[in-house]
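Good morning, everyone. Please take a moment with the sequence and the picture before I walk you through them.

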Amino acid sequence: MTAFRMPSLGADMDEGTLVEWIKKPGDQLKRGDIIAVVETQKGAIEIEVFHDGVLEAIHVKTGSRVPVGEVLATIRTAEEPESAQPVPPEVVTQKPVYAPPAQVAAPFTPGLKITPAASSRAKELGIDVQSVFPGQDGIIGLKEIEVPSVPAKPKASRGINLDEMRNAIAAAMARSKREIPHYYVSSIIDMTAMMEWLATENARRTVSDRLLAAVPIIKACALGLQQVPELNGHFLDDRPLRIAEVKMGIGIALRGGGLIAPALALPDRLSLTEIMQRLSDLVARVRGGRLRSSELTEATVTLSNLGDNSADMVLPVIYPPQVAIIGVGQIDARPWVVDGTLASRKIATFAVAGDHRANDGRSAARFLRLLGEILQKPEML
Amino acid sequence: MTQDQLVELVKRSLYEVAPDLEAEPLDPKRSFNEQFEFDSMDFLKFITGLHQATGLALPEKDYPHLVSLELAVAYLSEKLPS
């Protein structure tokens with residue numbers, strides 16, 4: 001019998017609220033199946049099982065707030081015979097603290113025009129929408145809810161409480177800066193060839209198949225990491241642990257603040273079209289759906305890509321227990337010397353923050369050189 | 001399509017990307033990126049929505065004509081048979 005416990009979904013999580021059991025006692029389980037949904041600081045997360053077997057008993061009721069490590073269920077693994085005894089009655093180890101947040105939308109109020117964003121914001125702030133004066137257009141929007149007398153709080157984004165998200169980021173980043181001796185190495189890379197190739201490629205693709213610049217960058221980074229494996233892995237139990245497979249955490253921002261970096265598995269083995277599909281799916285689920293537990297725990301390295309119209313360089317903070325993070329600034333035209341001649345080229349600054357307990361600046365420099373070479377041959381990606 | 005129908009069409013594509021913004025005030029002159037913290041993925045999904053609604057090819061080089069409500073409506077009314 002295996003105890004299935006509340007997983008830790010990152011350096012920042014100490015408890016979660018069980019909001020839904022997807023499987024019921026007696027159900028067959030396969031490794032990777034989603035067994036339950038847990039509400040965390042990063043929104044609702046689908047929890048996967050690690051064993052094949054049968055769900056024997058559930059010990060925690062929906063709505064319960066459960067600390068990390070507490071037994072949620074017992075699973076009879078594939079090798080074990082069916083128990084002769086009847087399944088023990090369901091044990092509730094925690095009293096429900098509050099009802100599961102099943103409905104986010106405020107109840108419908110006839111005659112009242114209110115935007116969904118304003119409605120959920122009002123609910124969050126405990127404001128009675130009946131007491132709010134509509135704006136000039138007769139509609140209550142965020143502007144009307146967020147009157148200056150109320151202390152400024154972040155906007156809610158699709159069920160994620162941004163205050164809690166901020167707490168999660170604070171916990172992880174404070175731990176990172178407390179424990180990890182960061183070093184930083186950066187290079188400017190000429191992206192002209194890649195951007196020209198991308199424009200040609202996208203011109204022959206229909207809208208829905210077009211690639212974002214992040215896609216070849218993700219693949220190039222993964223290929224570079226394969227050759228500099230000391231940057232890919234975890235630091236656990238006072239020791240660096242290299243991991244052969246690249247699972248790249250992709251920093252994805254939420255509207256209104258905060259970010260999540262779910263793992264995109266094995267981008268070095270995927271085509272650019274496949275990476276684009278995975279990325280698109282991850283962004284959609286970060287902002288509006290559910291992530292899976294493995295996506296929050298398995299990243300071996302993180303990519304923080306600032307994107308268009310942002311800033312030239314980011315020196316990012318490592319997400320524990322990873323040992324490196326890659327920061328990419330905006331791609332923009334700048335004066336640049338090519339073959340001894342000044343030219344206008346599209347360039348971007350790539351920075352690596354490394355954990356000095358696990359690797360050295362020399363490795364990061366080697367990675368950046370390789371990355372620069374890979375990005376000059378985008379057609380090979 | 002009338003001007004009003006085009007405005008509706010653009011708004012619908014916009015709210016498909018960001019349903020939480022529905023009925024929020026929308027400045028027709030300001031870019032979506034600026035108003036709603038749109039990133040390149042949001043913008044691509046918006047363009048994909050417009051493509052599916054209109055059948056237009058919407059090549060990348062035309063993206064600068066689609067960044068705000070006003071520009072997008074002008075672009076579509078030129079490209080679509082009225």
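Predicted model: local features only at pLDDT ≥ 70, side-chain atom pairs only at ≥ 80, totals over all residues.

Residues are numbered from 1 along each chain as its sequence is written, and chains are lettered from A, with ligands numbered from 1, in the order in which they are written.

Let me stay with chain A and turn to a sheet. Four of its strands form an open, antiparallel sheet in the order β1-β8-β6-β3, where two strands pair if DSSP finds at least two bridges between them. At the edges are β1 (2-5) and β3 (28-29) of chain A, each of which pairs on one side only. Further in, β6 (residues 53-58) and β8 (residues 71-77) of chain A pair in the antiparallel sense over five bridges, and A:L55 stands opposite A:I75 in β8(A).

Now, how many residues of chain B are in contact with chain A? Counting a contact when C-beta atoms, placed from the backbone, lie within 7 Å, 21 residues of chain B are in contact with 22 residues of chain A. On the chain B side, α2 (32-36) and α3 (40-54) each supply at least two residues, and α3(B) gives the most, with six residues.

Definitions and conventions. Contact = placed C-beta atoms within 7 Å.
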